Amino acid sequence: MVKMVYMFDEGNSEMKEILGGKGANLAEMTNIGLPVPPGFTISAQACNDYYESGKRIQDEVKTEILESLNRLEETTGKKLGGTDNPLLVSVRSGSVFSMPGMMDTVLNLGMNDETVEAVARLTGNPRFAYDSYRRFIQMFSNVVLEIDVFYFEQYLEKFREAKGYQNDPELGADDWKEVIAEYKKIVKKHKKEEFPQDPMQQLLLAINAVFDSWNNQRAIVYRQLNKIPGHYGTAVNIQSMVFGNMGNDSGTGVAFTRNPSTGEALLYGEYLINAQGEDVVAGIRTPNPIDTLKQDMPEVFEQFTEVCRQLERHYRDMQDIEFTVEHGKLFILQTRNGKRTAQAALRTAVEMVEEGVLTKQEAIGRVEPEQLNQLLHRRIDDRFQKDVLAKGLPASPGAATGRVVFDPDEAEHLSKEGINVILVRTETTPDDIHGIIAAQGVVTSRGGMTSHAAVVARGMGKSCICGCEALRIDMQRKQFQVGETVIKQLDIITIDGGTGEIFAGEIPMIAPELSKEFELLLSWADQERSLDVRANADNPEDARKAVEFGAEGIGLCRTEHMFMESERSPIVQQMILAETEEERILALDRLLPMQESDFEGIFEAMQGLPVTIRLLDPPLHEFLPDKEQLAVEVAEMQVTDSHSPGLAAKEKLLKRVRQLHESNPMLGHRGCRLGIIHPEIYEMQVTAIFNSAAKLQSKGITVKPEIMIPLVGHVNELKILRELVNETAVKVQKKTGEQIEYSVGTMIEVPRAALTADEIATEADFFSFGTNDLTQTTFGYSRDDAEGKFLKDYVDRKILPDNPFAVLDREGVGVLVKTGIKLGKQTRPDLKTGICGEHGGEKSSIEFCCQQGMDYVSSSPYRVPLARLAAAQAAIKHGLKRAEVTQK
């Protein structure tokens, strides 16, 4: 049988898939000589076997657990359940990928009515012993016996009030004995049996519970959010307990080797004197900054600082460390690569290169492309006069505005209705994760910078404020109060996670400023990537933003968006309603100067970079009023105002709308089909392109138009329309005297185009894969209907690995893309290829494009930095280079 249980000194950091991240790091720290409490790890494979065996720990695994427990008892000189020197252990989860707070933990396991007396005698501290016992009963009952923690907290709060206590440390040993007795009654009431006293039974039940928590709702939601596969399972770490709640020479804390919000290379964290670790991360007490440990325990602080330096050097990354001090002795309970904001990730990566810790290529790989989106959005306008309502700890930067909600279910519900919300809680727990995902930001009245809310919000790039003790939250009335100000459910507030400030109402926001680390890391990425990165932009403003973010051209300019502006709508409708070609040309002549102005602005903004312009793509009915609404208006006028001069016009419009109506317009008269039946429309657009190009070129401005014909499925379609473009170019060149360099290509967005790409390439200078429509036509999905009705369920049930409109389907759509490139280049080796669907801004899809040897990807302007970084990571991963990086 494969080994399933490993002592800490038998593992190392390379065994994450076996031991999980936590177990591998505990093993690694043990082996490099750090003060780690001894223990052993049950492998993640044992978790998978547990589920395959009908949620039962196999006998062989139990045997290995007992053998490892005996070794742990020999190492510590203690015995689980012993009454002379009892061993107490923690039981913690540990998956391959960090999932903070998502799975279950049990501390102080081994406590019972006899061992508590032994602990009291050995420590000479009965208060500590009985406090530890009541903590164990509460945690075990909640995690293992599935009794809601509310019953225990409710009783404890009433007990404190009755005794006149403010905080838990005021309770003495006798007080805790009373609490323990009542806690046991709660267990008996809810489970119809006594609290288990056998430590081995406790241990096996706790292991079961941790395995079970791999598939609890919050863990599943977290895995879906972070795309963590469900087949990994979780390891279980059994570790001898050390206690931070043994008096004022003891404590517990969490620290990062660098600031996880800013990346500043200073120790960052917090701790509590006379407390257990759960008190810090659960937000039960608001902790002290780690710097104050220097005054409270100077020797411990010095030792801890050196351990932090050692761990960062060893792992070559920022570390998130949990520690406990027991009677002045430091113990390291965990280390892992620290979750950080995008700004912190950038600064840490760049500074570690400057420190000689990382290479530039390694630094590029340390920043997750999606994180860059955190840096590209609005922040509070400092010029606005702000009245601060309250201030807490700045747990995760960024600003957010929304309506206050106090319940995560309500946050999720309102978010689905398109309402921005701010989730306000006393503290969050892992069960609140769906509400945090739905909210624009999170505020808690308790907890610190390493509490659950802070860690999860930072990982998601959401604004978060913690420990805002000025908030008096009333969950029953659904309101909070600060002084005399009452904020009720659905009132609007604005929060600034960078300062910790909360404001009533909505505060104006301004665009972000990008840091020097941002620019530097992306400049390194530009040196590595094999793909150009372009932007999808339909107006000069978007074009300028694209250039600002480093775009090397426009990969998709959708001309239909220009037709949809309100002042042009009547002219467009006149063009559509025209009954003769002559009437249509009159309307098109009015649109021509408008289109010229559009293209002139875009060409000027792009400063000589290539611009791919897609000619009109959607069916004409999209520019007309809704058929049903128009029919109602006509019917009402026929009844109430039949002599109105406007009735005839509306009736004519309705008739034309009905003529243009299609059963399936996405597969109907649109794209190149429209240009072939009504060539005057495309001729007007091409004339506008060349007129504007000629005008700028005469001023010495370089222009590189690439004219893209949409929805081609047969080479003859492209042949006809290429001739139209060429003939129009000749006319404009004769008229203006300007020789304009241009290219003509097509968008590959139907399967037949990919399968006959060798023929289509005879008429194309470039292919741009429109993967939005290619996905629709390959799957036979209507995107709007699929995403609204069944795609989420398909992904949840693992029918599909991802939403194919978000992540390129490599096995189906990807094969067509691959085929299209291969066939196209057989005909035309110099064929330029790119992608301009939404996949052009998604990491996995960009990697696929890189592997296929495409020339460029094109994304929305705000995703250009992401695409630059993702393209570099793909090139490094696959050892690809381009001959020359485009010079900006």
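How much space lies in the largest cavity? In this predicted model, the answer is about 110 Å³.

**Figure 1. The largest cavity and the residues around its centre.** The structure holds three cavities of 30 Å³ or more, and about 110 Å³ of space lies in the largest cavity. Its lining is made up of 14 residues, of which Arg92, Met241, Val242, Thr324 and Leu333 are the closest to the centre. Two or more lining residues come from each of the elements β5 (89-95) and β7 (234-240). By type, the lining of the largest cavity has five nonpolar residues, eight polar ones and one charged one.

**Figure 2. The second largest cavity and its lining.** This cavity has a volume of about 50 Å³. Around the second largest cavity are Ser98, Pro100, Phe256, Asp320, Arg336, Asn337, Lys339, Val455 and Arg458. The elements β12 (329-337) and α17 (452-460) each give two or more residues to this lining. Sorted by type, the lining of the second largest cavity consists of three nonpolar, two polar and four charged residues.

Figure 3. A disulfide is a covalent bond between the sulfur atoms of two cysteines. A search of the whole structure finds zero disulfides. Cys849 is in no disulfide, and the nearest cysteine sulfur, that of Cys850, is 8.7 Å away. The cut-off for a disulfide is a pair of cysteine sulfur atoms within 2.5 Å. Is Cys849 buried or exposed? Cys849 is buried, because its relative accessible area is 0%.

Figure 4. Cys47 has a relative accessible area of 0%, so Cys47 is buried.

Notes. Residues numbered from 1 in each chain as written. Predicted model: local features only at pLDDT ≥ 70, side-chain atom pairs only at ≥ 80, totals over all residues. Heavy atoms only, no water. 1 Å grid on protein atoms, 1.4 Å probe; cavity = no way out; pocket = protein on both sides within 12 Å on 5 of 7 lines; lining within 4 Å. Points joined across faces, edges and corners; volume = space filled by probe spheres on them. Helix = DSSP H or I, 4+ residues; strand = E, 2+ residues; numbered from the N terminus. Nonpolar A, V, L, I, M, F, W, Y, C, P; charged D, E, K, R; others polar. Buried < 20%, exposed > 50% of the residue type's maximum accessible area, 1.4 Å probe, protein only.
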